[in-house]
Amino acid sequence: MYVHTIQLRHSNITVCIQRSTRYLSAFSATRGLHKSALDVAERPAPEETVTSSFGRFIQSVQPRHLSPTVLQRSKRMILDSIGVGLLGSTTEVFELALQHCQHMYASDDISFVYGRQGVKLSPTLAAFVNGVAAHSMDFDDTWHPATHPSGAVLPALLAISDMLHKNSKPSGLDFLTAFNVGIEIQGRLMRFSNEAHNIPKRFHPPSVVGTLGSAAACARLLSLDRNQCSNALAIAASLAGAPMANAATQSKPLHIGNASRLGLEAALLASRGLEASPLVLDAVPGVAGFSAFYEDYAPQPIGSPEKDEHSFLLERQDIAFKRFPAHLGMHWIADAAAVVHKNLVGLRGGSISPNLVQDILLRVPLSKYINRPFPETEHQARHSFQFNACTALLDGEVTVQSFHPEALQRPELHALLSRVRLEHPHDNPANFNIMYGEVEVTLVSGDVLQGRCDTFYGHWRNPLSQESLQKKFRNNSGTVLSNERVERLIEAVEGLDHLDDCKPLLAQLQ
Amino acid sequence: MNILDDMGGVTESFGAAVSCLSTSHLTDEVIRRSKRMILDTLGVGLLGTSTPVFNTVLQSSQRQQALENSQVWGRPGLSVPPQYAAFVNGVAVHSMDFDDTWHPATHPSGAVLPALLALAETMPAKPSGLELLLAFNVGIEVQGRLLRFSKEAHNIPRRFHPPAVVGVMGSAAASAKLLGLPAAQSIAALAIACSSAGAPMANAATQTKPLHMGNAARGGLEASQLALLGLEGNTQILDLESGFGAFYPDYVPRPLAEVTPTSQYRWVLEDQDIAQKRFPAHLGMHWVADAAIEARAKFLDKYPNANLSQIKKITLRVPSSRYVDCPFPVSEHQARHSFQFNCCTALLDGQVTVESFSKSQMNRSALKEMLLKVELENPQDNHSSFEKMYCEIAVETTQGEMFTARCNTFYGHWRKPLSHEDLVKKFRANASTVLTADVMEGIIYTVDRLDTNQDCSMLWSYMHFNKHMMHSDEHRISALA
């Protein structure tokens, strides 16, 4: 189903028709051809829309299109996302979201909840709370252009998998395909605008592309037809978009939770026949679709996986995994400050005393919402250049514990914070592909120590080794799961593409 | 750095107003106008329970249950968690584009009333009618104030569908009010709701549009519940460009006036009345219909037995608005958003009604032939604004005669509101498709006395009926009514 624009003989009139095949006369336009006529034609239409190309891709891409690199990278994403979600189940915001959902239950409350053995919710609500968990500590993966892709997709897919009958669970490869569809759609959408390439200012990207990514992944796992897939994307567009102001507040994790939940809802509504704009991804002058979220928008159709060789974006553009739970920008400054810490320890031995320090200069990109000189909450601390630099100066690293209340309130930390200044060099743009972090510490003795980081360890240019990734996973999941389950999860994800059905994965999470 | 960041205080003033406004601040005029809005919204909602989109979202929502559930309109025996009741009932209200419209443009009541009724039902101490009216007006007021923070909001929307932007905020404010949240939590509710705001215009004129309303009602209610549980958002959400300002390119917020227990309060609804539709279509269609009806009358006046096929050409002078320019609509949604369709229907029938959008009426060959004769013009002086627009129609016959008419203000517009009789007549026509006469009169009676009624709980009980579906409870309840 798509809209076709034609010229009538006597005037320029745009015909808005809901159903059609490729070429139509004015006469047949008003009759409105039946959908089966569309299905009969195998050749793609000469003037296919961006929206319908996406619908077709979601339906027709196959497991065999997943290259070894893409398989390997997406399994790493799945492992990290599960670990981060399990850890996130220990947060206050997760508890709150869970309480909220537990006031609701369903006759089919069958989907698992991270870190709560035996607790079940209905699939959409499970997607919601598990999504909240994934983003609750800002510990989840980051991509370029910027978004947190896995947390929006994985919870919904896991929730659906629980929902399906035990004899019709997806195979590991089906699951991986759906997951990668969700990631790919997000990547494609972000490339439709230049605005998306920089640190966001208006809408929080997971709430924009994440919702559609979830809808795409769910549509795929539910085996919707191409029209339903397109409609799922369009319905999801009406559920997308949350402003940046709620980032660095307790509400931020709900952006991912809602992206996951609402994408799933959109797919379910599409499966029941709900229809929405067939041009939602296309650029239609005067009527905004997905373009509403961007100042500059230039969409491209996605190639047909049957015809052309399809290359997933994940092949060309890897993902960043975080080593500690804070905004990605913090990782550059922490690594730079850690260099200075090492030098300081080398010079003086033992721990760092703030009395030694006269001045701390940070050279970082200009970005209002991660410039917080005196953060008061853990959420703010995770979004503060100043806090992360000073923590790394004091401790040599930033960890999960660095954001606990006792650590936040350390007097020696506050002493350092009051000595920090920021500079925003012109060559340091707010862009995760190009930015750097520089720390310059002037001691009272007059010595000046410098540290610089161009690519932190965990960035896509310098990815975490498999050991480091598994270590992060063990630390995270070990807070709520037994060692046995932890190891079985690692095993299940590692061998996901060989599993006949994904029950071994699901079983460890129940 | 944005100068607005230093000003602050707008969000704070909203939180203070929402929590401090009391029943003593409601004026007679505001009470009168909001009762009209409530009656109209309930009737439109009942009619909407017969639509396919309502059935779809209901099926989808039915899988959820809760410790406390709220009743679904027009479905005896069916209850779902309050957020989902707000959702499906909100969809019903907007399902046929028959609900009220305000200036600057939005459909205010559908985002607020379903949420309030669903919430009230679950409260251990039920609100009085006056408390319900107060919460309702808080929800409307917040929407009106927010719409005045940008120039873009004054024109027919192009990017985001207004109910999805301001509606969810209104629902959050109204719910917060009904729950009696203190100022800080009211602010949290607004902040949380803001993260659910915004749906693109492209889905208007599709089956998904009503979900914008349902989701606004649901999202606002949920935001209040989360705020009650202690969730916090950005306390400057209305002040920041990166907050609510994200939805507008020109965002200039202003704090609300201070509210004290003894002060007067100037409600937006007092200064700016509401438009209520006579037929279920986009507001712009109403100018076209009235102009076409007048032109038709002139034509038939001169030639009482004339055949309308003598019309050679129809020129419509309307504002430029891409999404209501649809020369050959195929679906009813498109028809409700088509200048051309409504013009031809009015010319043929002398009116546009609920029936006009049925398949049989849409497929009439006389209608389709007439559609081919319509041409649109977009004069410079015809602004895409519900406050300023007009419609001029010029009908040219095969004999070369011209019949013209112009409509500046259609009947039902806020400058020419529906009479009380006509408003009640519209309600009866809508409600009678679902309710028996006695239940229908019960609603009219209850809404009419809403400000004096201590107990308004029969309102959602009445909405729960359906004369085509019997439920065992119904017999009991109608015996009590």
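1. Let's begin with the second largest cavity: by class, 9 nonpolar, 1 polar and 3 charged residues make up its lining. Please keep in mind that this is a predicted model. The volume of this second largest cavity is about 140 Å³. Its lining counts 13 residues, and those closest to its centre are A196(A), P200(A), F203(A), P205(A) and Y294(A).

2. How many cavities of 30 Å³ or more does the structure hold? There are 11 of them. In the largest cavity there is about 400 Å³ of space.

3. Which residues lie nearest the centre of the largest cavity? They are L239(A), N258(A) and L262(A), together with S195(B) and S196(B), out of 28 lining residues. Two or more lining residues come from each of these elements: α9 (205-221) and α11 (252-271) in chain A, and α10 (209-229) in chain B. The largest share belongs to α10(B), with 8 residues.

4. The class make-up of the largest cavity's lining is also worth a look: 13 of its residues are nonpolar, 12 are polar and 3 are charged.

5. Finally, a word on an annotation from a record. An unreviewed UniProt entry lists residues 279-443 of chain B as "domain: MmgE/PrpD C-terminal". In the model, that span of chain B is 39% helix and 15% strand, and its end C-alpha atoms are 21 Å apart.

Terms used. Residues numbered from 1 in each chain as written. Chains lettered and ligands numbered in written order. Predicted model: local features only at pLDDT ≥ 70, side-chain atom pairs only at ≥ 80, totals over all residues. Heavy atoms only, no water. 1 Å grid on protein atoms, 1.4 Å probe; cavity = no way out; pocket = protein on both sides within 12 Å on 5 of 7 lines; lining within 4 Å. Points joined across faces, edges and corners; volume = space filled by probe spheres on them. Helix = DSSP H or I, 4+ residues; strand = E, 2+ residues; numbered from the N terminus. Nonpolar A, V, L, I, M, F, W, Y, C, P; charged D, E, K, R; others polar. UniProt positions renumbered as here; feature names shortened; annotations may be inferred.
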